[in-house]
Each structure stands twice: as structure tokens, then as C-alpha cells.
Amino acid sequence: MKIHEYQGKQIFAKYGVPIPKGYPAFTVDEAEAAAKKLVAETGSSIVVVKAQIHAGGRGKGGGVKVAKGGAAEAKQQAEKILGMQLVTHQTGPEGQKVKRLYIEQGLEMVAEMYLGMVVDRDLRRIAFMASTEGGMEIEHVAEHTPEKILTVHVDPTVGLSAYQARELAFGLGLMKYGKETVAKFVRLMSSLYECFVKEDCSLVEVNPLAILKSGDIVALDAKLNFDDNASFRHKNWAELQDKDEEDPIELEAAAAGLNYVSLDGNVGCLVNGAGLAMATMDIIKHAGEKVGVAPANFLDVGGGATQEQVTKAFSMILKSPKVKGIFVNIFGGIMKCDVIANGVVAAAKELGLKVPLVVRLEGTNVELGRKILSESGLAIQAATTMADGAKKIVDAVVSGGAK
Amino acid sequence: MSILVGKNTKLLVQGITGGAGSFHAKQMIEYGTQVVGGVTPTRGGEKFEGKVPVFDTVDQATKATGANASVIFVPPPGAADAILEAFDAGLELVICITEGIPSVDMLGVRRVLEAMQAEARAKGSKSIPRLVGPNCPGVITPDECKIGIMPGHIHKKGNIGVVSRSGTLTYEAVGQLTALGIGQSTCVGIGGDPVSGMDFVDVLELFQADPDTHGVIMIGEIGGGAEERGAAFIKEKMTKPVAAFIAGTTAPPGKRMGHAGAIISGGKGTAAAKIDALTAAGAKVAPTPSDMASTLKSMMK
């Protein structure tokens with residue numbers, strides 16, 4: 001799960017990670033008021049107006065503006081940014097509508113660093129990555145100048161050791177800003193580690209981490225992703241979620257306990273199990289690539305889905321306007337084929353089945369499942385294998401498209 | 001022979017009185033697995049299904065029953081604790097079915113497990129503690145021992161090992177093998193989480209050493225570097241044929257595809273990179289998931 005920069009900074013503050021002063025704003029008036037407050041508090045007329053969307057690259061897309069003329073200029077910038085369709089390299093061409101702003105004090109920095117944390121799944125440690133190339137996309141740095149990224153791995157049983165933080169501090173050349181800066185960096189890393197573990201993050205990025213004239217270090221940006229598996233111990237995550245940033249269909253699926261990811265193709269898929277669901281997408285693409293047929297979604301109904309969940313899942317596929325055909329692919333283990341069959345029939349009867357449907361059932365209670373489908377009176381093509389099913393749905397979509 | 005589990009496996013079920021635990025405990029007993037005890041704190045002294053004794057702690061259960069393996073159905077908040085409890089009681093094999101354990105919890109478990117394994121190796125012990133999963137279907141040696149949630153009836157005893165990150169895709173491979181009349185030695189689901197126990201390399205090593213395994217189907221998916229490490233092992237150490245399939249060729253980057261571990265992040269963990277590594281290592285990668293068994297068959301003498 002992703003959150004906004006201002007939410008991330010509020011969490012940082014809880015752990016003692018230094019951040020600039022700032023206030024979120026949902027309207028132009030709120031933005032102006034926030035800017036006024038900042039000018040009064042800091043004695044400086046420089047404020048920054050920052051679009052709050054989950055995608056990165058906001059500055060390049062025109063979503064971050066420095067207002068040197070205090071509240072009046074900040075208001076003008078807020079008018080421009082709020083409501084704009086912000087396009088960055090991460091949003092796709094349609095962009096993301098800006099509905100929230102963060103108004104922050106402007107700071108004069110002498111250097112920009114990068115500091116990031118992830119779970120390194122291959123080494124089974126939390127990794128800190130630091131670079132002097134702050135403000136740039138870290139993927140770009142990793143590709144072109146990997147030697148500029150310094151990494152330390154933290155042993156989970158003892159946590160971050162001070163020497164590891166010092167290694168990065170000296171590696172980044174922070175001594176040239178004074179030994180106080182080195183000490184501040186070590187404290188900041190320790191705060192970030194505590195934040196990462198206690199908040200169950202899967203990623204934390206501070207880009208840029210600013211070194212100020214005074215030698216202070218400040219997190220100018222905050223990107224936090226949470227480990228969805230840990231939601232049971234973070235009741236506040238529900239409030240932090242911004243539904244405007246999520247795909248509405250994926251939200252609807254998540255609420256029903258289904259794993260759903262929207263894709264660009266035209267064949268809706270209903271499958272049990274994540275691996276089989278991915279493999280089903282792959283085989284549809286394999287069979288249909290040359291004739292313009294591709295999967296429209298990833299949908300894993302899981303192992304223990306109820307008939308209601310299956311009905312819901314099938315309804316969601318039926319309602320999608322881009323779906324020109326549906327492939328149901330089930331290898332029943334715990335999931336019983338008759339439960340799937342009943343769910344599919346119930347949804348198809350309620351909403352009507354206007355596109356070709358191919359069903360491949362295998363595993364537990366397969367005979368019963370096939371019987372329910374064949375007696376339903378629905379126009380269903382039965383498939384014997386995944387390959388057979390993929391070929392049948394591709395053919396059906398192609399001939400349907402020719403009509 | 002087979003790997004990991006067999007006729008001599010004596011199993012504890014942690015979380016035996018819960019919904020999933022009790023359902024699958026019954027299925028495992030029906031299949032013929034020796035389920036010698038269950039563990040549910042505060043329910044010690046009860047009998048599951050009138051037969052299987054239930055204990056408060058894994059330590060008590062192990063001492064009373066002589067168990068050597070445990071399967072975990074404990075819900076996510078207590079699952080990491082349950083794994084540690086099982087290893088602390090001296091069990092050499094722990095299979096965790098639970099889906100949804102936070103990564104931070106598993107980092108700690110892994111670290112403790114690695115220390116225990118190093119200690120066992122340093123002592124020259126034959127029994128190295130091993131974790132399978134979490135978020136996996138379990139391990140089955142057909143006709144001998146089924147530990148987990150896989151449908152037993154699709155399996156057939158034989159000489160092909162199956163190792164996979166995905167549950168239903170394992171069933172798919174097993175179904176294809178059985179339909180071709182090819183049986184399985186042992187099928188191991190290593191699970192779909194980013195931080196877990198046994199890796200492809202660990203399982204391939206056991207299959208390579210097992211005289212009754214003549215070939216292997218390895219099923220991977222997007223995310224992480226486990227398939228690439230598996231490929232390196234195949235290249236250097238495997239003499240047995242390996243057919244592979246990697247799910248997620250069509251998965252978009254940055255999206256978690258059901259499994260917590262199935263995500264392409266920062267351009268790493270793509271299906272294409274894994275397929276290339278496996279092909280270069282001499283494994284044969286099935287062009288579609290429908291061809292897993294036939295691809296292996298084409299490699300067998």
C-alpha cells in the first residue's frame with residue numbers, strides 16, 4: 001500500500017526524522033492559509049507548493065513549484081496545480097488528477113543525497129541504499145553509475161549498528177559538512193530503521209535528503225510503501241489510504257477478498273490461485289498475440305472462495321466493457337469445482353451472458369461442476385486443458401469481432 | 001525413497017482446532033499421513049476427532065509423541081511465533097501453510113533458522129532444520145505422506161520431483177504428469193512469499209541426491225532471484241533433466257500479482273530474465289503452462 005508524501009512525513013516526525021515545516025491543503029484557500037502560517041513561523045517568504053499524488057516524478061511533471069513571493073504567489077501556484085491532470089513517467093499518459101497539496105517551507109540546501117530502504121528478499125535483510133546523486137531517479141543511477149550507490153544490510157536480530165550508519169555517512173562524504181552532520185545522519189538512519197520495522201514498511205525512500213547550509217539534514221521527500229500482509233496490526237492504514245489513487249475495480253475486488261489487477265486486453269479471466277492466474281494470462285497472450293487477443297485482468301479467487309465471492313468475481317468481469325470473452329480456468333484443490341460452477345451460473349443468469357465463455361474445470365468435484373454448467377442452459381464451451389481453453393476463447397473472440 | 005517426507009514422518013498440526021487446521025488434518029489422516037498430535041495453546045488434553053491428542057505447546061507434543069515434523073495453520077499474527085516454537089522444540093521439518101505473514105516477522109525467523117542450521121552443520125548433525133513456506137500448499141510424497149492442502153487424489157507414485165512457488169500451478173503440473181502416466185517422487189511447494197524457507201536450490205539439491213528422483217519440474221514466477229540461483233545450481237550440479245515454467249510473462253511491472261512475492265520491482269525479477277537464465281543453464285522451459293509435463297517427458301530417456 002502506498003501513501004502520500006505528507007502522510008509519510010507525519011510518520012517520519014513520530015520517529016524523530018527531521019522534516020521541513022509544512023501543512024496539507026485540500027483547497028486553494030487552505031493552501032493560502034498554510035503558506036501564510038509558514039511565512040509567519042519561519043520568517044521566510046519562500047514556500048513550496050507540492051502536488052500530492054502517489055506517483056513519482058512530480059517535479060518534472062510540473063507538480064512542484066517554489067513560490068518566492070509568500071502566500072499570494074503560493075495561492076496562484078495552488079490554483080494551477082490543484083485539479084490539474086499531472087502526468088509523470090509513473091502515471092501513464094492519462095496522468096493523475098491532483099486533489100491534495102502539501103505546502104512546505106522553502107529551505108536552502110547545499111547538497112542533495114539519496115537514502116532508501118527495502119527488504120532485500122534475496123539476502124533476507126533490510127537494506128539501506130545511499131547515494132550522493134540525490135534528486136535523480138535511483139533506477140537511473142543504478143543502471144549507469146552503480147558504483148555511486150552504497151549499500152548496507154541490517155541483521156534483524158541486532159538491528160542497525162552505528163558503524164553501518166557511519167560507513168554510509170563517510171561514504172557519502174558528509175565530513176565535509178562537519179562532524180555534527182555525520183552524527184545527525186547516524187541518528188536519522190537509526191530513526192528511519194525504527195520507522196521501517198515498526199510501521200511494517202516494504203519501501204522507504206528519501207529523495208532528496210537535503211544537507212542545509214547550517215549542516216542540518218532534512219528529509220525533503222518521503223515515500224513510504226507498506227507491507228499489505230501487516231495490515232492486521234495497523235488499524236490506521238485504512239485512514240491513510242487515498243481511494244482516489246486506487247483503481248476502483250481493484251478496490252471493489254479487495255473489499256470482496258479477491259485479488260484483481262486490471263490489464264489492457266479483452267479476455268476476462270477467472271482463476272483459482274495466483275500462479276495459475278498468471279499462467280492463464282500468459283497462455284491467452286501466447287495463443288492470441290498475433291490476432292489482437294490478450295488478457296483483460298488478473299483475477300485469483302483464492303483457495304477458499306465462497307459461491308458469493310465467485311459470483312461477485314464473475315459479475316465484475318461481465319460488467320467490464322472491454323471484455324469480449326471470458327475464460328474460467330480452475331484446478332480445484334480446496335476450491336471445489338461445483339462452487340465455481342454455481343457462482344458462474346448465478347452471475348451469468350443475473351447479468352446476462354453476452355460474450356463467449358470458455359470454462360476449463362479440473363480437480364475436486366469436477367464431474368459435479370461440469371454437470372451444473374451443462375444443465376444451466378448457458379452457452380458455455382467446455383475445454384479439456386489450459387491450451388485447449390486458450391485456443392477456444394481466442395477463436396471465439398476473433399470470430400465474434402468479425403461479425 | 002523420496003525427499004523431506006515419507007512413511008517415517010510423524011506429524012504435528014499447529015492450529016489443529018482452527019477451521020483450516022481441522023479440515024486439512026482430517027484430509028491428511030485420510031490420505032495416510034501419520035498425524036501424531038496437534039497443538040493449540042489452552043486446548044491441551046483434548047482429543048482431535050476422538051483420536052489425536054492435542055497439546056498446549058509444541059515442546060510437550062514433541063516429547064509425548066516423538067514427532068519429527070510440523071505443519072502450521074496458525075493465522076498470520078501468530079504464525080512466525082509458531083514456526084520458532086516448532087524449531088525450538090527440535091523438529092527438523094516445519095511446513096508453514098499460513099498466507100499473509102508480515103515480511104518483518106519472517107526476516108527474524110529466517111535469521112534464527114540460519115543460525116540453527118549453521119550450528120547443526122558445525123556439529124556434523126545429519127538433521128538440519130528446514131522450513132518450507134510460508135504461503136505454500138505443502139509437501140507430498142504420493143502414497144506415503146501428504147502434508148498440506150493439496151488434493152491428494154491427483155498424485156501418482158513415481159520418479160519425478162516437482163518444486164514450485166505456486167500452489168495451483170503445482171496441481172496443474174502434477175495433473176499433467178499423472179495424465180501421461182508419469183508418477184512423482186515428491187512435490188514441494190516452496191510458497192509465494194518474498195521471505196521464506198527452502199529455496200529452489202535447497203530442493204533441487206535434495207532431488208539431485210535422491211536416487212528415486214529421475215527428473216524435475218521446476219515452476220517459478222516473477223519477482224526476486226530464486227529462479228536465477230536455481231538456474232546456477234542446475235548448470236553446476238544437476239545431472240538430472242529439469243523442465244521449467246515461469247509464470248508472469250504478461251504481468252505488468254510494479255503490481256503484486258496475488259502472491260506477496262510476485263512483483264517486478266525496479267526492473268528486476270522479470271519472467272524473461274528467469275527464462276533466459278534457466279535456458280542458458282540447460283533446463284528446458286515449457287512454452288506454455290499446458291506443456292510442463294510433456295516438456296519434461298521429451299527430456300527423459
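Into which domains is chain A divided? In this predicted model, chain A comprises domain 1, which is formed by residues 1-19 together with 109-245, domain 2, which covers 21-106, and domain 3, which covers 247-402. When the centres are taken over C-alpha atoms, domain 2 of chain A and domain 3 of chain A are separated by 44 Å.

Chain B was examined for its overall dimensions and its secondary structure. Its fold contains 9 helices and 14 strands, and its C-alpha atoms fill a box of roughly 55 × 40 × 40 Å along the principal axes. Because a compact globule of 301 residues would have a radius of gyration near 19 Å, the value of 18 Å for chain B agrees with that expectation. Of the 301 residues in chain B, 58% are buried. Where contacts in chain B join residues at least 6 apart in sequence, 71% of these contacts are between residues at least 24 apart.

The domain assignment of chain B gives domain 1, spanning residues 10-132, and domain 2, spanning residues 150-299. Over C-alpha atoms, the centres of domain 1 of chain B and domain 2 of chain B are separated by 25 Å, and the contact between them takes 9 residues from domain 1 of chain B and 9 residues from domain 2 of chain B. On the side of domain 1 of chain B that touches domain 2 of chain B, helix H4 (103-122) and strand S7 (130-132) of chain B each supply at least two residues, and H4(B) gives the most, with 4 residues. By class, this side of domain 1 of chain B has 6 nonpolar, 1 polar and 2 charged residues.

The two chains also meet one another, with 48 residues of chain B in contact with 46 residues of chain A. The side of chain B that touches chain A receives at least two residues from each of several elements of chain B, namely helix H3 (76-88), H4, helix H5 (167-179) and strand S12 (215-221). By class, the side of chain B that touches chain A has 22 nonpolar, 20 polar and 6 charged residues.

Technical notes:
Residues numbered from 1 in each chain as written. Chains lettered and ligands numbered in written order. Predicted model: local features only at pLDDT ≥ 70, side-chain atom pairs only at ≥ 80, totals over all residues. Rg over C-alpha atoms; globule rule 2.2 N^0.38 Å. Buried ≥ 20, exposed ≤ 12 C-beta atoms within 10 Å, placed from the backbone. Contact = placed C-beta atoms within 7 Å. Domains from an automatic or database assignment. Nonpolar A, V, L, I, M, F, W, Y, C, P; charged D, E, K, R; others polar.
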